Amino acid sequence: MNKLLKVLVLAEHDGAQLNTSVYQSVSAAQTWGAPVDLLIIGKATNAVAKQASSLAGLQRVLRVDAAHLEHLLAEDAANIIVRIANEYQAILAANSSFSRNILPRVAAMLDVAMITDVLQINGSNTYTRSIYAGNVISTVQSLDVTQILTVHASNFAITKQGADAEIVELEAPAISSKSRWLSQQQSQSHRPALSSAKVVVSGGRSLGSAEKFEQLLSPLANRLGAALGATRAAVDAGYAPNDIQVGQTGVVVAPDLYIAIGVSGAIQHTYGMKDSKIVVAINHDPNASIFQVADYGLVADLFEAVPELIASITPAH
Amino acid sequence: MKILVAVKRVVDYNIKVYVKPDGSNVDIEGLKMSMNPFDENAVEESLRLKEKGIAREVVAVSLGNTLNQDVLRHALAMGADRAILVETDAELQPLAVAKLLKAVVERENPDLILLGKQAIDSDAGQAGQMLAALLNCGQGTYVSTINIENDEVIVTREVDGGTETLAISLPAVLTTDLRLNEPRFVKLPNLMMARKKQIETIAATDLGVVAEPRFNVLNVSAPPTRKSGIRVNSVQELLQKLSDLEGITL
């Protein structure tokens with residue numbers, strides 16, 4: 001594998017902690033065997049930078065800290081990255097709504113292509129990614145000098161900790177002022193984060209209503225200490241909020257156990273869960289295509305099977 | 001206010017595609033083609049802004065060969081005022097799309113540019129952000145509400161774990177989420193009328209844009225399939241199997 005000069009990883013964090021996917025994107029960056037720097041942008045990022053400096057295999061943690069970067073806008077983030085981009089032959093981040101908002105802007109400013117949601121890095125400039133909602137795997141070779149990509153975090157190992165990389169402060173460029181942050185609405189949940197949960201319970205349109213979705217799936221998720229997910233059909237029908245949609249246009253999950261309840265198994269949905277270690281599907285329709293990707297399939301009336309399942313489970317807490 | 005809305009012609013949402021036997025590409029010959037679903041949301045929202053009296057004109061643009069006229073006719077049938085086809089036989093990658101759209105923006109001078117958040121064929125999700133970068137203007141991705149207030153557009157963005165509200169100075173580039181709206185059905189008389197409308201055609205070469213590929217597709221293949229699983233007949237058998245075969249006790 002050809003050695004690259006240097007690799008930059010853009011870190012996603014919430015101001016207090018690094019996102020788990022940073023650990024995976026750093027190990028993806030190490031594929032090339034080149035020095036890796038991690039970039040942290042935000043306000044009051046002391047603790048996050050300290051946490052990052054312990055990640056194994058980092059040469060430097062770059063910290064760009066300013067009051068106006070608290071709620072990071074794509075325009076400001078792109079300006080910061082472009083300013084240091086010429087030091088790097090590859091710039092990457094874990095694929096998410098955060099990175100996909102910023103990195104295409106960076107790529108266009110540098111006049112290079114971007115490769116979205118890389119499943120595998122095959123060489124200095126060759127990547128495997130999926131197209132058509134995961135129905136086709138495509139291998140592409142970039143012709144650009146600078147490689148910009150987002151990586152499919154769950155395909156990469158979690159990098160070890162215990163190191164002590166140097167933290168370097170960089171000055172923030174002037175505020176771009178093309179947009180202003182007004183507010184945010186974080187969905188409050190006592191459950192684990194969907195994208196990193198070990199167990200996910202997911203519901204489809206067969207549940208029939210928002211009340212039934214809640215009634216049937218909440219106790220099951222609570223018992224298992226699981227995150228709740230939903231299909232697009234269930235979200236569109238108003239049974240579940242948009243941010244728990246699993247699939248091509250929602251969250252991609254790869255838990256140890258994925259339990260699909262009343263999920264038909266549309267390709268757009270299975271794209272988001274087919275990397276799960278074990279898939280259990282319960283559906284009343286024996287021909288539902290979810291059974292083609294399920295390790296264990298049960299054809300049954302949801303409203304009988306799920307309560308029976310709940311009753312049989314030893315509570316998690 | 002003038003809105004430019006970019007639409008892409010893709011294999012219909014409901015069709016499963018297969019790889020050519022030689023692994024060179026996806027075999028889309030003879031498949032039903034449609035407007036990219038997210039782009040349909042973008043057209044719908046443009047029309048709603050016009051119906052509210054906020055937008056004066058809605059111009060749809062598509063890039064590609066003459067077959068792309070069908071998605072432009074669909075946009076016209078939905079209610080777009082004009083349609084532009086930037087004609088090229090080249091396979092356009094996101095950066096080339098952004099460069100061609102930038103050239104169209106410079107001819108049309110829209111206040112707002114709408115695109116779908118991603119195309120369901122290439123799943124790249126880059127063109128809107130790239131266009132905003134090339135125009136050096138603000139961007140709002142994955143938007144689920146759009147409101148115009150003075151010389152700003154207020155958008156709600158669907159992000160991981162919730163939503164975010166931004167105010168973006170005009171002109172701005174927005175990419176649309178499915179949640180934004182429910183696109184209207186096109187009535188037959190509208191479709192007939194759209195057939196008679198003129199589609200302005202510009203040769204991509206006349207726009208002075210170098211749209212060369214920046215990456216080569218080496219091969220495509222079918223994804224690895226999950227090993228076929230087993231059917232169980234009861235909840236108790238399911239729990240038993242999970243415990244015996246996977247060591248998982250629920």
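**Two domains and two chains in a predicted model**

In this predicted model, the centres of domain 1 of chain A and domain 2 of chain A, taken over C-alpha atoms, are separated by 31 Å.

Trainee: What makes A:D144 and B:R214 a salt bridge?

Mentor: The closest N and O atoms of A:D144 and B:R214 are 2.9 Å apart, and the rule asks for a side-chain nitrogen of Lys or Arg within 4 Å of a carboxyl oxygen of Asp or Glu, so the pair of A:D144 and B:R214 meets it. Across the interface of chain A and chain B the rule finds five salt bridges, whereas across the interface of domain 1 of chain A and domain 2 of chain A it finds zero.

Trainee: How do you know that strand β10 of chain A and strand β11 of chain B pair?

Mentor: Two strands pair if there are at least two bridges between them, and seven bridges join β10 (residues 179–186) of chain A to β11 (residues 162–169) of chain B, so these strands count as a pair, and they run antiparallel. Among the bridge partners are A:R180 and B:A167, the latter in β11(B).

Trainee: Which residues supply 55% of the area that domain 1 of chain A buries against domain 2 of chain A?

Mentor: Domain 1 of chain A and domain 2 of chain A bury about 650 Å² between them, and A:A133, A:N135 and A:H152 supply that share of the area on the side of domain 1, more than any other three residues. For chain A and chain B the buried area is about 6700 Å², and there A:Y132, A:K178 and A:Y296 supply 11% of the area that chain A buries against chain B.

Key: Residues are numbered from 1 along each chain as its sequence is written. Chains are lettered from A and ligands numbered from 1 in the order in which they are written. This is a predicted model: local features need pLDDT of at least 70, side-chain atom pairs count only at pLDDT 80 or more; totals for chains, interfaces and linings use all residues. Side-chain values use heavy atoms; hydrogens and water are left out. Domain bounds come from an automatic or database domain assignment. Buried area is the accessible area (1.4 Å probe) that two parts lose on being put together, summed over both. Helices (H or I, at least four residues) and strands (E, at least two) are DSSP runs, numbered from the N terminus.
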